[in-house]
Amino acid sequence: MATNSHIEWTDATWNPVTGCSKISPGCKHCYAERLALRLQAMGQNNYRNGFEVTLQPQMLDLPLRWKSPRRIFVNSMSDLFHKRVPFGFVDRVFHTNVKGNIFCTQAAARLMMPQKSGKIILCASIVAVVGEPLLSIYTASKGAILAFCRAAALELAPYGINLNCVLPGTTKTDMSKDVIADPVVAKALIEPIPLGRLGTPEDLVGIIQYLASDEASWTTGQSFIVDGGHTMK
Ligand code: SF4
């Protein structure tokens with residue numbers, strides 16, 4: 001795991017799989033490939049196979065040992081759903097992805113219960129509510145977070161704790177800027193968005209500030225889509 005990531009919207013990256021295969025014009029300037037080859041040259045064991053798809057089972061349990069909250073970019077260096085990644089391995093990552101939200105909610109709720117107040121905000125994705133081809137397992141893990149949010153909000157309501165979920169659409173990040181630089185890919189990503197552009201991390205600030213504020217004290221168990229209108233169609 002890399003800590004102190006240079007990607008502005010994340011604190012660290014976590015890659016239970018490394019490597020990928022180029023499958024589309026959007027892969028032409030693959031950031032993950034460039035970095036993997038650099039890390040291989042630096043002698044990092046997880047990148048001993050360069051950009052070849054490689055399972056990293058020693059990384060699977062790492063998030064369950066973290067003691068403090070952090071923003072994690074999962075699989076920044078790979079395609080988790082590559083055909084060479086066995087389903088059983090994806091299943092283990094799926095559980096880590098979902099359990100991370102559950103365990104963080106439990107840990108935060110334990111601190112908030114004695115004071116009889118608190119706001120917890122989960123982050124899923126619009127794929128939790130709309131189908132997206134080639135993302136079925138990812139979609140299922142985001143749907144699980146949404147279902148968990150609804151049920152856990154009921155359990156936490158007697159303690160004065162609000163639990164809500166934000167569902168962002170396709171968001172422009174430092175990591176994706178090379179892919180978006182390809183006009184074909186950029187057009188395909190923007191075309192279904194009525195507001196005519198991809199999101200930015202700043203686009204999520206308003207809703208999160210609201211959900212963390214006293215103004216949202218009567219709002220719980222809800223999901224909030226921030227996607228430029230993508231899911232209206
Ligand atoms: S990581 Fe993404 S951009 Fe890179 S080769 Fe795989 S699919 Fe293409």
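Student: Where is the place of Glu-132?
Tutor: This is a predicted model, in which local features need pLDDT of at least 70, side-chain atom pairs count only at pLDDT 80 or more, and totals for chains, interfaces and linings use all residues. Residues are numbered from 1 along each chain as its sequence is written. Helices (H or I, at least four residues) and strands (E, at least two) are DSSP runs, numbered from the N terminus. With those names in hand, you can find Glu-132 in the loop between E6 and helix H3 (136-156).

Student: Is Glu-132 buried or exposed?
Tutor: A residue is buried if 20 or more other C-beta atoms lie within 10 Å of its own, exposed if 12 or fewer, and partly exposed in between, with C-beta atoms placed from the backbone. Glu-132 has 12 other C-beta atoms within 10 Å, so the residue counts as exposed.

Student: Leaving aside neighbours within four places in sequence, which residues is Glu-132 in contact with?
Tutor: Two residues are in contact if their C-beta atoms, placed from the backbone, lie within 7 Å. Once neighbours within four places in sequence are set aside, the contacts of Glu-132 are Val-127 and Thr-139.

Student: Where is Lys-116 found, and is it buried or exposed?
Tutor: Lys-116 is in the loop between H2 and E6. Although not a glycine, Lys-116 has a positive phi of about 60°. With 10 other C-beta atoms within 10 Å, Lys-116 is exposed.

Student: What order do the three strands of the open sheet have?
Tutor: Two strands pair if DSSP finds at least two bridges between them. E6 and E7 pair over six bridges, and strand E7 (residues 161-168) pairs with E8 over four. The pairing is parallel, and the order is E6-E7-E8.

Student: Which strands stand at the edges?
Tutor: Look for the strands that have a single partner strand, so that one side of each is left without a neighbour in the sheet. These edge strands are strand E6 (118-123) and strand E8 (223-226).

Student: Which residue in E7 is the bridge partner of Ile-121, and which residue in E8 stands opposite Val-166?
Tutor: Ile-121 is bridged to Asn-164 in E7. On the E8 side, the residue facing Val-166 is Phe-224.

Student: How many of the eight residues of E7 are buried?
Tutor: E7 is mostly covered. Of its eight residues, the buried ones number seven.

Student: Which helix lies across E6, E7 and E8?
Tutor: Axes are lines fitted to C-alpha atoms, for helices over the stretch in contact, and angles run from 0 to 180 degrees between N-to-C directions. Helix H2 (residues 87-112) lies across E6 and E7, at about 170° to E6. The helix lying across E6, E7 and E8, at about 150° to E6, is H6 (residues 205-212).

Student: Which residues does Tyr-210 touch, not counting residues up to four places away in sequence?
Tutor: Tyr-210 belongs to helix H6. It is partly exposed, with 14 other C-beta atoms within 10 Å. Not counting residues up to four places away in sequence, Tyr-210 touches Glu-215 and Ala-216.

Student: And where is the place of Ala-216?
Tutor: Ala-216 is partly exposed, with 17 other C-beta atoms within 10 Å. Leaving aside neighbours within four places in sequence, its contacts are Lys-119, Asn-162, Tyr-210 and Leu-211. Its place is the loop between H6 and E8.

Student: Which residues does Gly-50 touch, not counting residues up to four places away in sequence?
Tutor: Gly-50 is in the loop between helix H1 (31-41) and strand E4 (54-55). It is partly exposed, with 15 other C-beta atoms within 10 Å. Not counting residues up to four places away in sequence, it touches Ala-36, Leu-37 and Gln-40.

Student: Which residues come nearest to the ligand?
Tutor: A residue is near a molecule or strand if its C-beta atom, placed from the backbone, lies within 6 Å of it. Ten residues are around the ligand, and the ones that come nearest are Cys-20, Lys-22, Cys-27, Cys-30 and Ala-32.

Student: What distance separates the centres of domain 1 and domain 2?
Tutor: Domain bounds come from an automatic or database domain assignment. Here that assignment gives domain 1 (1-85) and domain 2 (111-233). Taken over C-alpha atoms, their centres are separated by 23 Å.
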